[in-house]
Every structure is written in C-alpha cells, then in structure tokens.
Amino acid sequence: MKKFGKDDTMAVKGIAIVFLLWHHCFFEESRFSQFDVNFFPFTEGLGIYFGELLKICVGMFAFLSAYGIARSVRKKYGTLVLGKKESHAVCTHRIVSMMGGYFFVFLLCNLVCAVIDQRPFHIYGTGRGGLIYFLIDMLGLADVFHTPSLIYTWWYIGFAIVLIFIMPLFLRWYDRAGVLLIPMAIVLPLILPLKTATSQNYFRWLLCVVLGIACAEENILERAKGWLSGGRRWLRAVGAAILLTAIVVCKQTALGKTYIGISDGITTLAVIVFTYSFVTDIPVVRNILMFLGKHSMNMFLIHNFIRYTYLNEWTYSFKNAFAIVFVLLLESLFVSICIEKLKSVTGYKKLFNKEGI
C-alpha cells in the first residue's frame with residue numbers, strides 16, 4: 001500500500017484547520033453569548049462540546065510535524081540517529097521553511113494593524129522595551145518567554161520551534177527504545193513538576209509527537225488503513241466510527257480531562273486513522289482538503305484577526321454556527337491566497353520554501 005505522504009499530510013491538515021476554526025469560535029459560551037447564534041441541527045451544548053473536543057487540531061498538527069520529520073530523516077539518512085552536523089541541517093531546514101511563512105505574515109499583520117488602530121504599539125509598547133518584545137514575537141518565542149504577542153494564538157509557533165529542536169533527541173530515543181517510548185511519553189507528564197502554563201501546555205502534546213514518530217517508523221497508518229479497507233469495508237467503517245465515537249466520549253469525561261495528554265494522544269491518532277482511511281481518498285473532498293492544507297499556516301495565523309480582533313460582530317452575524325465557520329474559512333482562505341500572491345509579486349517566495357505548520 002502507498003505510504004502516508006505529503007498529499008495525505010496536506011489533506012489531514014485541511015481537516016485540522018476546519019477543526020481549529022470551530023474550536024476558536026465555539027469552545028466556550030463567552031465567545032458568542034452576546035450574539036444570536038444557533039447550532040441547528042445540533043444543540044448549543046453539543047456545539048460547545050465539539051468546540052472543546054476539537055482542540056485536538058493542535059495534536060494533529062504536532063503529530064503530522066513529528067511524522068514528517070521522522071519519515072524525511074529516515075529516507076534521507078537511513079537512520080534516526082543523527083550526528084551534530086545532520087541534526088543542525090534538519091533543524092535549520094525545518095525552521096527556515098516554517099519561519100519563512102511566519103515572518104511574512106507577521107510583518108504584514110503588524111503593518112496592517114499599525115495602520116488600522118496602532119495595535120502593535122499598544123501590545124508591545126514603545127521604546128527599547130517595545131522593540132525587544134516585537135523582535136521576540138517576530139522570532140515566534142513570545143509564549144516561550146512570556147512576553148506580549150500581537151495575537152494570542154501564535155503561541156503555537158513557539159511550540160513548533162521547540163518541537164523542531166528537540167526532534168533529533170526524540171528520534172535518537174525512539175531508535176533505542178522503539179515503541180517503549182510511548183509509555184514513557186504517557187508517564188513523563190504525570191511525574192514531572194510542570195509549574196508553568198507553558199510547560200503544561202507543551203507537555204500536553206508529547207504523546208501526539210511520539211505517536212507521530214511511531215507511525216512513521218512502524219507504518220501504523222498504512223497498516224490500519226489496509227485492514228480497514230479489507231472485505232466488507234462498510235462494516236469495518238461502521239465499527240471504526242463506533243470506536244471513534246467511544247474514544248471521543250471518553251475524552252470528554254472527567255477522567256479524560258484529568259489525563260488530558262493521554263486522551264489527546266489517543267483521540268488524535270484515532271481521528272487521523274479514521275479520516276485517512278475513509279475521508280481523504282474521496283476524490284473531490286481530497287482536493288479541497290489538500291488545498292486548505294496548503295493554506296493552513298496562513299489561515300491559522302490570520303483567522304483570529306477576522307474572528308475576534310476586527311470583525312467580531314460580522315463573524316457571528318451569520319446566526320448559524322456552521323455558516324459562521326464556513327464564512328470564516330472562506331475569508332481566511334481568501335486572505336491566504338492574497339498573501340501568497342503578494343509573496344510572488346514581491347519575490348519573497350524565492351527566498352523561502354514554506355511547508356506550513
């Protein structure tokens with residue numbers, strides 16, 4: 001069976017970005033309580049339920065990043081154990097690819113916000129201190145150093161940077177321990193004294209990262225899809241849907257929320273296996289999801305400026321929750337397309353090869 005490759009990664013990213021939009025719109029009632037929003041054909045409670053659940057989009061992006069790095073390292077070097085030179089090359093390539101996309105949007109957003117309402121000066125301040133905060137945010141490290149950021153959701157950039165730099169270490173550990181690294185990833189966040197919100201948030205996704213490495217090395221996604229695509233596929237699809245539902249329900253219980261890192265990892269893997277097996281191969285759907293996946297980083301970076309900062313009332317004026325998310329998706333996608341066009345016109349694209357988040 002064909003391996004889970006770049007096109008599959010983009011398709012799953014397309015699903016993850018839709019999850020992210022719903023999560024940010026509806027994960028708590030305060031996000032929309034001042035507006036007249038209905039969730040037909042579902043209830044408001046169910047809409048918030050899924051809003052909370054769909055934070056697994058973070059786990060999906062983390063999983064795909066770890067998976068991609070592990071597979072590319074194995075393909076290029078034939079081993080997961082990298083020397084200093086190779087580790088430096090891998091990290092540099094990934095950082096340049098990711099930050100190339102981030103820098104352009106960061107500077108563009110700061111410029112636009114400065115013109116609209118001088119938001120950067122209010123966020124960072126002025127003088128030497130403001131410049132330092134601006135530079136830290138430009139490097140994607142505001143969340144790491146607990147300094148101001150132009151938009152709070154950019155915390156993921158800091159996490160992605162940390163992930164890239166620690167991946168050579170995790171790959172080395174996986175080469176030595178194999179799948180035994182999975183229980184270690186489960187236990188470690190439970191026993192470490194994680195005192196800061198940042199450390200707790202980063203370690204929350206540790207299991208997703210390790211599962212990404214394991215799936216790349218053990219061909220778990222391909223094996224699962226091969227089995228689910230066997231005889232009586234419809235029956236296997238129903239069984240997989242029931243199992244996925246059970247996993248989701250367990251994740252949203254008090255126990256699942258207490259051991260959030262574990263439930264996030266299991267749910268993330270289950271969602272990726274299910275969508276890879278039954279959703280991303282549907283011809284038209286696959287093309288749409290891949291297109292969204294290619295724009296996922298830009299959409300992630302700019303959607304909250306639309307949803308919350310400047311067009312909050314407009315965003316929630318469409319009444320129905322599905323219409324709200326759909327319009328936000330189209331707006332974010334349109335801005336992303338314009339950004340990519342602007343990169344081409346200015347020659348910026350020649351400097352960086354953006355791979356997305």
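# Close-up views of a predicted model

**View 1. Leucine 244 is in contact with Ala270, Val271 and Phe274, when its neighbours within four places in sequence are left aside.** Contact here means that heavy atoms lie within 4.5 Å. The structure is a predicted model, in which local features need pLDDT of at least 70 and side-chain atom pairs count only at pLDDT 80 or more, whereas totals for chains, interfaces and linings use all residues. Residues are numbered from 1 along each chain as its sequence is written, and side-chain values use heavy atoms, with hydrogens and water left out. Leucine 244 belongs to helix H13 (residues 233-251); helices (H or I, at least four residues) and strands (E, at least two) are DSSP runs numbered from the N terminus. Leucine 244 counts as buried because its relative accessibility is 16%. Buried means under 20% relative accessible area, exposed means over 50%, and partly exposed lies in between (1.4 Å probe, protein chains only). From C-alpha to C-alpha, leucine 244 and arginine 223 are 17 Å apart in space, and they are 21 residues apart in sequence.

**View 2. Phenylalanine 63 and tyrosine 67 form a stacked aromatic pair.** Rings of Phe, Tyr and Trp (its six-membered ring) pair if their centres lie within 6.5 Å; planes under 30 degrees apart are called stacked, those over 60 edge-to-face, and the rest tilted. This rule gives a count of 31 aromatic pairs. The pair of phenylalanine 63 and tyrosine 67 is stacked because the ring centres are 6.4 Å apart and the planes lie at 15 degrees. Both residues lie in helix H3 (residues 56-77), four residues apart, which is about one turn of the helix. Phenylalanine 63 and tyrosine 67 are both buried.

A second aromatic pair, phenylalanine 274 with phenylalanine 278, is tilted, with 5.1 Å from centre to centre and 50 degrees between the planes. These two residues are found in helix H15 (residues 260-278), also four residues apart, about one turn of the helix. Phenylalanine 278 has a relative accessible area of 16% and is therefore buried.

**View 3. Ring pairs join several aromatic residues into a cluster.** The members linked in this way are Trp22, Phe26, Phe32, Phe35, Phe39, Phe42, Tyr316 and Phe322.

**View 4. Helix H11 (residues 206-218) crosses H15.** Two packed helices are described by the angle between their axes and the distance between the axes. The axes of H11 and H15 come within 8 Å and cross at roughly 35 degrees. Axes are lines fitted to C-alpha atoms, for helices over the stretch in contact, and angles run from 0 to 180 degrees between N-to-C directions. On the H11 side, Leu207, Cys208, Leu211 and Cys215 meet Gly261, Ile262, Asp264, Gly265, Thr268 and Leu269 of H15.

**View 5. Arginine 71 is a buried residue of helix H3.** Its relative accessible area is 15%. Apart from neighbours within four places in sequence, arginine 71 is in contact with Lys3, Phe4, Cys215, Ala216, Asn219 and Glu222. The C-alpha atoms of arginine 71 and phenylalanine 4 are separated by 9.8 Å, although the two residues are 67 residues apart along the chain.

View 6. Most residues other than glycine have a negative phi, and most peptide bonds are trans. The peptide bond from phenylalanine 40 to proline 41 is cis, with omega near 10 degrees, and proline 41 is in the loop between helix H1 (6-26) and helix H2 (44-53). Histidine 146, a residue other than glycine, has a positive phi near 60 degrees. Histidine 146 lies in the loop between helix H7 (142-145) and helix H8 (155-177) and counts as exposed because its relative accessibility is 55%. Lysine 319, likewise not a glycine, has a positive phi of about 70 degrees. The loop between helix H18 (312-315) and helix H19 (321-346) holds lysine 319, which counts as partly exposed at 43% relative accessibility.
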